[in-house]
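Me: I have a structure open and have not looked at it before. Could you take me through how to read its features, one at a time?

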Amino acid sequence: MSPVRELVVDLAAIRENVRSAAARIAPARLMAVVKADGYGHGMEPVARAMAEAGVDAFGVVDLDEARRLRDAGIGQPILAWIHGADADFAWAVSADVELGIGSVRDLERAATAAGERPAVVHLKADTGLGRGGAIGDQWAALVARAAQLEAAGRVRVRGVWTHLANTSPEADADQFLAFDAALALAREAGLDPELEHASASAAMFDHPAQARDMVRAGLALYGLSTFPDLTSAELGLRPAMELAAEVVAVKRVPAGLGVSYGHRYVTTRETTLALIPLGYADGLPRAASGRGPVAINGRRHTIAGAIAMDQVVVDVGDDAVDVGDRAVFWGDPERGVPSASEWADAADSIPYEIVTRVGARVRRRYLS
Ligand SMILES: *Cc1c(COP(=O)(O)O)cnc(C)c1O
């Protein structure tokens with residue numbers, strides 16, 4: 001049996017976050033983004049909980065992720081937006097999976113895959129993120145061709161969308177203006193999309209008037225804040241993920257003992273060291289060596305020295321810590337444990353990266 005290393009996901013928190021987001025954006029619809037294995041929380045259980053809480057649609061990156069949702073019995077609309085050269089659009093049409101399309105090339109592939117039913121597409125405008133989507137003349141060409149293919153019954157343009165760069169409020173405003181211009185061109189071309197959508201979690205809070213017909217929310221539904229200066233609780237959210245492991249060894253050591261690779265930590269007095277079997281292979285960012293926080297028996301400590309592949313050491317001073325005690329790396333700070341955002345800060349990263357990288361060796365456990 002392995003030592004206890006566990007990622008606990010509170011599905012009640014997921015449901016609460018979904019209801020709170022849905023109320024915030026109503027009457028706009030809520031698309032729950034569950035890419036990257038539900039932001040590392042486990043796509044299938046999380047998606048089922050979100051469906052119970054009433055999300056209108058799901059967003060994923062690719063068709064394999066969409067297939068996992070359909071296999072899990074998810075019946076809501078699904079949008080997938082990154083397609084490899086061999087992506088099976090015919091499967092997407094047959095499984096009623098909608099395609100994010102940002103180029104004429106992908107649009108033609110979608111049209112070719114249409115059978116009895118048209119391929120359902122959401123055309124993506126690049127309004128200033130500089131990533132996917134059509135820009136400038138490409139957008140005019142995309143909407144013109146989409147109108148032809150729609151008239152021929154090969155595609156149905158259900159949505160027009162864009163994604164923000166989160167650079168500044170002014171840059172966001174410019175993107176919304178560019179989005180309106182793109183929508184006007186689409187309508188001039190003869191399209192009449194049912195869904196306009198631009199906002200993800202950050203804009204859901206920052207630009208409530210821009211919810212349009214739908215918001216594609218990810219991070220907020222997992223209970224995490226996209227803002228460095230605002231906590232989950234301040235946004236009315238509850239973090240769903242807790243990462244914990246058991247203490248497997250405790251020893252009393254003298255002053256002057258170098259700890260872990262490179263001796264980046266040296267004890268300054270006689271103290272107690274606790275060994276916890278969680279390392280960078282399990283998702284602790286090595287960049288947070290000597291900085292990452294951990295709570296044991298309700299007391300907060302800091303990782304001593306280098307985070308290794310399989311283990312970390314914590315200097316707990318004279319605290320009574322025993323083998324089998326539970327060490328929590330991140331979870332809901334309202335319960336006295338560190339947050340994923342603190343780990344992000346400690347690793348010069350963002351909470352998205354922290355929660356999506358928990359290793360396969362860590363057992364998953366779901367509450368309610
Ligand atoms: C990941 C993603 C989202 C969700 O972003 P959050 O910041 O997690 O809410 C929305 N739209 C697109 C296109 C995405 O890639």
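**Reading a buried loop residue**

Reply: Start with L224, which counts as buried because its relative accessibility is 6%, and buried means under 20%. Keep in mind throughout that this is a predicted model.

Me: Where is L224 placed?

Reply: L224 sits in the loop between β9 and β10 (241-246).

Me: Which residues does L224 touch, leaving out those up to four places away in sequence?

Reply: A contact is a pair of heavy atoms within 4.5 Å. For L224 the list is L219, S232, L237, P239, A340, P351 and V355.

Me: How far apart are L224 and N17 in sequence and in space?

Reply: They are 207 residues apart in sequence, and their C-alpha atoms are 9.6 Å apart in space.

Me: Is N17 buried or exposed?

Reply: N17 has a relative accessible area of 1%, so it is buried. N17 belongs to helix α1 (residues 11-25). A polar atom of the N17 side chain lies 3.2 Å from the backbone oxygen of L221. Beyond four places in sequence, N17 touches A220, L221, Y222, G223, G236, L237 and R238.

Me: What about D282, and where does it lie?

Reply: D282 is in the loop between β14 (271-276) and β15 (293-296). D282 counts as buried because its relative accessibility is 0%. Among the residues it touches are R5, M309, D310, R357 and R361.

Me: Now a helix. Which residues of α3 are buried?

Reply: To read a helix, list its buried residues and then look down its axis. In helix α3 (residues 43-52) the buried ones are M43, V46, A47, A49 and M50. Seen down the axis, these fall within an arc of 160°, so they line one face of α3. They pack against β1 (5-10), α1, β2 (29-33), α2, β3 (57-60) and α4 (63-71). After α3 comes G54, with a positive phi near 100°.

Me: Which residues are buried in α6?

Reply: In helix α6 (residues 104-113) they are D106, L107, A110, A111 and A113. These too line one face of their helix, because they fall within an arc of 160° seen down the axis of α6. The face turned away from that buried side carries R105 and T112, which are exposed.

Me: What covers the buried residues of α6?

Reply: The cover includes helices α5 (89-94) and α7 (137-151). It also includes strands β5 (97-101), β6 (119-124) and β7 (155-161).

Me: What distances separate ligand oxygen atoms from N or O atoms in the side chains of K35 and S201?

Reply: For K35 the distance is 2.7 Å, and for S201 it is 2.5 Å. A ligand oxygen is also 2.8 Å from a polar backbone atom of L219. On its own the ligand has 390 Å² of accessible area, and the protein covers 93% of that.

Me: What should I look for in the backbone angles?

Reply: Look at phi and omega. A36 has a positive phi of about 50°, although it is not a glycine. A36 is in helix α2 and is partly exposed, with a relative accessible area of 38%. R212, which is not a glycine either, has a positive phi of about 50°. R212 is in the loop between α9 (201-206) and β9, and counts as partly exposed at 21% relative accessibility.

Me: Which residues does a cis peptide bond join?

Reply: It joins A26 and P27, with omega about 5°. P27 is in the loop between α1 and β2.

Me: How many helices and strands are in the protein chain as a whole?

Reply: The chain has eleven helices and 19 strands. Of its 368 residues, 53% are buried. Among contacts with a separation of 6 or more, 64% are between residues 24 or more positions apart. The C-alpha atoms fill a box of roughly 80 × 45 × 35 Å along the principal axes.

How values were computed: Residues numbered from 1 in each chain as written. Predicted model: local features only at pLDDT ≥ 70, side-chain atom pairs only at ≥ 80, totals over all residues. Heavy atoms only, no water. Helix = DSSP H or I, 4+ residues; strand = E, 2+ residues; numbered from the N terminus. Buried < 20%, exposed > 50% of the residue type's maximum accessible area, 1.4 Å probe, protein only. Polar contact = N/O pair within 3.5 Å; in protein donor to acceptor, adjacent residues only side chain to side chain. Arc of directions from axis to C-beta. Areas by Shrake-Rupley, 256 points an atom, 1.4 Å probe, with all protein chains shown as cover.
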